[in-house]
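Okay, thanks for coming, everyone. Let me put this one up on the screen and walk you through a few spots.

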Amino acid sequence: MKAVHLLNGEQSVMPTLPDDPVQLPWSIAAMIDVDLTQRYQLLAERSPAARLSSVDGILKRVLPDLELRAAIAQNNR
């Protein structure tokens with residue numbers, strides 16, 4: 001969340017995550033770049049636990065890049 005916040009500009013409101021486990025994967029996926037195929041897979045998944053597991057896998061792949069881009073953005077300010 002810190003990386004997304006930094007990339008959006010620190011003046012933006014810090015994103016919050018819902019307590020509802022059904023809404024949680026949708027909120028996380030909305031904050032990161034997820035390709036169309038992965039979005040459709042999330043939409044097709046009926047189980048909230050499986051959706052959350054899918055989002056976890058996506059985050060493990062994209063988080064290093066997000067953190068690097070956030071660090072670069074912070075150094076350029």
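So, a term to start with: a nonpolar core is a set of buried Ala, Val, Leu, Ile, Met, Phe, Trp, Tyr and Cys residues joined through side-chain atoms within 4.5 Å. Buried means under 20% relative accessible area, exposed means over 50%, and partly exposed is in between, with a 1.4 Å probe and protein chains only. What you see is a predicted model, where local features need pLDDT of at least 70, side-chain atom pairs count only at pLDDT 80 or more, and totals for chains, interfaces and linings use all residues. Residues are numbered from 1 along each chain as its sequence is written, and side-chain values use heavy atoms, leaving out hydrogens and water.

Now the largest nonpolar core: eight residues, namely I28, A29, I32, V34, L42, V55, I58 and L66. Helices here are DSSP runs of H or I, at least four residues, numbered from the N terminus.

Next, R51, in helix α4, residues 48-75. R51 is buried but has no salt bridge, meaning a Lys or Arg side-chain nitrogen within 4 Å of an Asp or Glu carboxyl oxygen. How far away is the nearest side chain of opposite charge? That's E45, at 6.2 Å. Beyond four places in sequence, R51 contacts V22, P25, W26, L42, E45 and R46, with contact being heavy atoms within 4.5 Å.

Last stop, L43, in helix α3, residues 36-44. L43 counts as exposed because its relative accessibility is 58%.

Terms used:
Helices (H or I, at least four residues) and strands (E, at least two) are DSSP runs, numbered from the N terminus. Lys and Arg count as positive and Asp and Glu as negative; His and the chain ends are not counted.
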